[in-house]
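Subject: Structure handover and findings

Hello,

Here is the structure I promised to pass on. Please open it beside this message, as my notes on it follow below.

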Amino acid sequence: MSNDDIAAAVLECVGGWTNVKANSLCATRLRISLRDASEVDRNALHSINGVLGIAEHGTSGIEVVFGPNLVKGVHQAFERLVGPFAPEQRMKSPVRLMSKLQVRITPETPGKPPIALASTPAASEDADDDTDSLLELLQETQPEEADADSDADEAGTDGSDHPRLLVINGPNLNLLGIREPELYGNADFASLLELCHESAREAGFASCECYQSNHEGDLVDAIQDAYGTAEGIVINPAAYTHTSIALLDALKAVHIPTVEVHISSVDAREDFRKESYVRHACFETIAGQGIEGYRTAIFDLAAHLGIVAR
């Protein structure tokens, strides 16, 4: 199965895109926040090629575990399917979403073979006709948007003419909304992800990948993987800010323009939080603005890179 097929299978097993609130990459896990966790088909998830296991994430989330060589591609394919925005926002682009339509093929042989998804002649001609008619209607009612999508495809705006952004979050930031709200606010991690994707789009980035891990080595790997794939980094190393020379060395090695961001006013807290190693590899530090600091960081990074917002 291709990354696109695996991502489509995972999406179907978690209740479809309308049930997805947010998604992110954490080490070898595709982390998905859901609106209704009861819609997850766990048995089907286990049967998908490449899935090594699943784990609960809080009360309304799930993590799908893949191998290290597979997870990034599947996450990128999953984001292409669901988009980075809330369902009510994604509804504004029905033509693009309809193009991702897949048909599930249910095996007739016994056992639990991998789920296969493909657009095949198995779908009825009537269904094809209905889909074509709907697409034509949507294109007639939204000609400007359809033309814009076509122009974007031809221009290669999937990364060829606008820089790509990587947002890295360190340990415990996945607990936003639970962790010390008097310091970090009440917004949860899903809200942070939505803000980053929205801000990146508004600032003119071609794409925005958000990564979070509680493990230092995984964060180093994420920075190294950004070499040649991202033109800008926004990083909140969290507690590793004050301890990790490894993160500093990784940022200096890839030499990608980077903004350091902190939700709280770290310099006004305990003395040990006043030291930031990663700051030596960043052209700017933003602190004390809550999660809105990420928006500031993204727009400042866009200005530094000379991006013209689309």
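Axes here are lines fitted to C-alpha atoms, for helices over the stretch in contact, and angles between N-to-C directions run from 0 to 180 degrees. Keep in mind that this is a predicted model.

**Overall**

The protein has 310 residues, and 45% of them count as buried. Its secondary structure comes to 12 helices and 11 strands. Take the contacts with a separation of 6 or more: residues 24 or more positions apart account for 72% of them.

**A helix pair**

Two packed helices are described by the angle between their axes and the distance between the axes. Here the pair is α10 (residues 216-225) and α11 (residues 245-254). Their axes come within 9 Å and cross at roughly 5°. Angles under 35 degrees count as roughly parallel, so α10 and α11 are roughly parallel to each other.

Which residues make the contact? On α10 they are Glu216, Leu219, Val220, Ile223 and Gln224. On α11 they are Ala246, Leu247, Ala250, Leu251 and Val254. By class, the residues of this contact divide into eight nonpolar, one polar and one charged.

An α-helix has 3.6 residues a turn, so residues three or four places apart point the same way.

**Nonpolar cores**

In soluble globular proteins, nonpolar side chains tend to be buried together. The largest nonpolar core in this model has 48 residues. Val10, Val14, Ile32, Leu45, Phe66 and Phe78 have the most contacts inside it. Helix α1 (residues 3-13) gives this core its largest share, seven residues.

Phe66 is worth a click. Leave aside its neighbours within four places in sequence, and Phe66 is in contact with Ile6, Val10, Thr28, Leu30, Gly50, Val51, Leu52, Val71 and Val74.

There is also a second, separate core of 30 residues. Ala203, Val261, Ile286 and Ile298 are included in it.

Back to α1. Its buried residues are Ile6, Ala7, Ala8, Ala9, Val10, Leu11 and Cys13. After the helix comes Gly15, with a positive phi near 100°.

**Salt bridges**

Side chains of opposite charge can pair when their charged atoms come close. How many salt bridges does a search of the whole structure find? It finds eight. Three of them follow.

- Lys21 and Asp188 meet through their side chains at 3.5 Å, N to O. Lys21 lies in strand β1 (residues 20-26), and Asp188 sits in the loop between α8 (181-184) and α9 (189-203), so the pair ties together parts that are 167 residues apart in sequence. Lys21 is partly exposed, at 36% relative accessibility. Asp188 is partly exposed too, with a relative accessible area of 25%.
- Arg31 and Glu63 form a salt bridge at 2.7 Å, N to O. Arg31 belongs to strand β2 (residues 29-34) and Glu63 to strand β4 (residues 61-65), so this bridge ties together parts that are 32 residues apart in sequence. Arg31 and Glu63 are both buried. Salt bridges link Arg29, Arg31 and Glu63 in a network.
- Arg295 pairs with Glu202, with the closest N and O atoms 3.4 Å apart. Arg295 is in helix α12 (residues 292-305) and Glu202 is in helix α9, so the parts tied together are 93 residues apart in sequence. Arg295 counts as partly exposed at 23% relative accessibility. Glu202 counts as partly exposed at 34%.

- Asn172 has a positive phi, near 75°, and is not a glycine. Asn172 is found in the loop between β7 (164-169) and α8. The relative accessible area of Asn172 is 35%, so this residue is partly exposed.
- Ala238 is not a glycine either, yet its phi is positive, about 55°. Ala238 lies in the loop between β9 (232-236) and α11. Is Ala238 buried or exposed? Ala238 counts as buried, at 12% relative accessibility.

Best wishes

Key. Residues are numbered from 1 along each chain as its sequence is written. This is a predicted model: local features need pLDDT of at least 70, side-chain atom pairs count only at pLDDT 80 or more; totals for chains, interfaces and linings use all residues. Side-chain values use heavy atoms; hydrogens and water are left out. Helices (H or I, at least four residues) and strands (E, at least two) are DSSP runs, numbered from the N terminus. Angles under 35 degrees count as roughly parallel, over 145 as roughly antiparallel, 65 to 115 as roughly perpendicular and the rest as oblique. Contact means heavy atoms within 4.5 Å. Ala, Val, Leu, Ile, Met, Phe, Trp, Tyr, Cys and Pro count as nonpolar, Asp, Glu, Lys and Arg as charged, and the others, Gly among them, as polar. A salt bridge is a side-chain nitrogen of Lys or Arg within 4 Å of a carboxyl oxygen of Asp or Glu. Buried means under 20% relative accessible area, exposed over 50%, partly exposed in between (1.4 Å probe, protein chains only). A nonpolar core is a set of buried Ala, Val, Leu, Ile, Met, Phe, Trp, Tyr and Cys residues joined through side-chain atoms within 4.5 Å.
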